[in-house]
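The report that follows reads one protein model from its overall build down to single residues.

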Amino acid sequence: MGDGRFITVEGIEGAGKTTAIDIIRDWVKGQGGDPRLTREPGGTALGEELRDVLLRHREDGMSAEAEVLLMFAARAEHLDRVIRPALAAGRWVICDRFTDASIAYQGMGRRLGIDRVRSLGQWTHPDLAPDLTLWLDLPVTLGLERAAGRSRPDRFESEQSRFFEAVRHGYATIAEQEPARVQRIDASGTPAQVRDGITAVLEARFGG
Ligand code: TMP
């Protein structure tokens, strides 16, 4: 495998990102690559500390502005320490969420506005965008059903379905605006269907 590629995976809770990332990792390895798996918020020591702050319940809540800036603080560190060095070394980076999550969750879910959050992305990484984003899409009720029963819900998982409807709408808007980069995968299908969908996208984009 030659130059590294930057692949991000997005979706609401219960969409199946973990399984999708396994499929992508196996595909990249099958091509002879050595992918670097990472996640947001997190991926660095500081990023994981910020993740704790962001996901933990707080009696006094958190402003949407503080939330988005902490997401981007973690992202800046992640870009500097993990993503850019790996790409520069020719490695493939598979990242569980990136700036699209801020656009969908903070821009739409928290109503900060897509353009306002996108401008933070422009400021933080003006020269870098994912080569491919897989958006695992499924109805909110199904996602929440699948996510239910996991460990105690964090600050985001405790949101109501109206919040996740807005997030889903955010992802749909990004996919409409950037159809070349963002590929929608129907995540409501069987595991085999989802696997085939993801593999087909990877083959079409990077295969042969
Ligand atoms: P995870 O559950 O995918 O690990 O992500 C943790 C939560 O953080 C998830 O509910 C989505 C949320 N999130 C945002 O709200 N904005 C962001 O920019 C990122 C990266 C995650």
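Of the 208 residues of the protein, 49% count as buried, and it should be kept in mind throughout that the model is a predicted one. The radius of gyration is 16 Å, which agrees with the value near 17 Å that a compact globule of 208 residues would have. Along the principal axes, the C-alpha trace spans about 50 × 35 × 30 Å. The accessible surface comes to about 10,200 Å², and carbon and sulfur atoms account for 48% of that area. As for charge, the protein carries 28 positive and 32 negative side chains, the centres of the two sets lying 1 Å apart.

The secondary structure consists of eight helices and five strands, which follow one another along the sequence in the pattern β-α-β-α-α-β-α-α-β-α-α-β-α. When contacts between residues at least 6 apart in sequence are considered, 81% of them join residues at least 24 apart.

**The nonpolar interior**

In soluble globular proteins, nonpolar side chains tend to be buried together. Here the largest nonpolar core comprises 46 residues, and those with the most contacts inside it are Ile24, Tyr105, Leu136, Tyr171, Ile198 and Leu202. Apart from this core lies another one, of nine residues, which includes Ile83, Leu87, Val93 and Cys95. Once residues up to four places away in sequence are set aside, Leu136 touches a series of residues that includes Val9, Glu10, Gly11 and Ile12, as well as Ala15, Gly16, Lys17 and Ala20, and also Ile185, Ala187 and Ile198.

**Strand β3 and the residue that follows**

Asp96 belongs to strand β3, which covers residues 93-96. Is this charged residue, Asp96, buried or exposed? Its relative accessibility is 16%, and Asp96 therefore counts as buried, the limit being under 20%. Beyond its neighbours up to four places away in sequence, Asp96 touches Val9, Lys17, Ile21, Thr38, Arg39 and Glu40. Ala64, by contrast, is 32 residues from Asp96 in sequence and lies 21 Å from it in space, C-alpha to C-alpha.

Arg97 is found in the loop between β3 and α4, the latter covering residues 99-109. Although Arg97 is not a glycine, it has a positive phi of about 80°.

**Arginines in loops**

Arg111, in the loop between α4 and α5 (114-124), likewise has a positive phi, of about 65°, without being a glycine. Arg152 is placed in the loop between α6 (140-147) and α7 (161-177), where its contacts, leaving aside neighbours within four places in sequence, are with His57 and Glu157. The table sets out the accessibility of these arginines.

| Residue | Relative accessibility | Class |
|---|---|---|
| Arg97 | 11% | buried |
| Arg111 | 72% | exposed |
| Arg152 | 67% | exposed |

**A cis peptide bond**

One further backbone feature concerns the peptide bond from Glu40 to Pro41, which is cis, with omega near -10°.

Conventions:
Residues are numbered from 1 along each chain as its sequence is written. This is a predicted model: local features need pLDDT of at least 70, side-chain atom pairs count only at pLDDT 80 or more; totals for chains, interfaces and linings use all residues. Side-chain values use heavy atoms; hydrogens and water are left out. A nonpolar core is a set of buried Ala, Val, Leu, Ile, Met, Phe, Trp, Tyr and Cys residues joined through side-chain atoms within 4.5 Å. Buried means under 20% relative accessible area, exposed over 50%, partly exposed in between (1.4 Å probe, protein chains only). Contact means heavy atoms within 4.5 Å. Helices (H or I, at least four residues) and strands (E, at least two) are DSSP runs, numbered from the N terminus. The radius of gyration is taken over C-alpha atoms; the globule rule is 2.2 Å times the number of residues to the power 0.38. Accessible areas come from the Shrake-Rupley method with a 1.4 Å probe; for residues, only the protein chains shown count as cover. Lys and Arg count as positive and Asp and Glu as negative; His and the chain ends are not counted. The place of a charge is taken as NZ of Lys, CZ of Arg, CG of Asp or CD of Glu.
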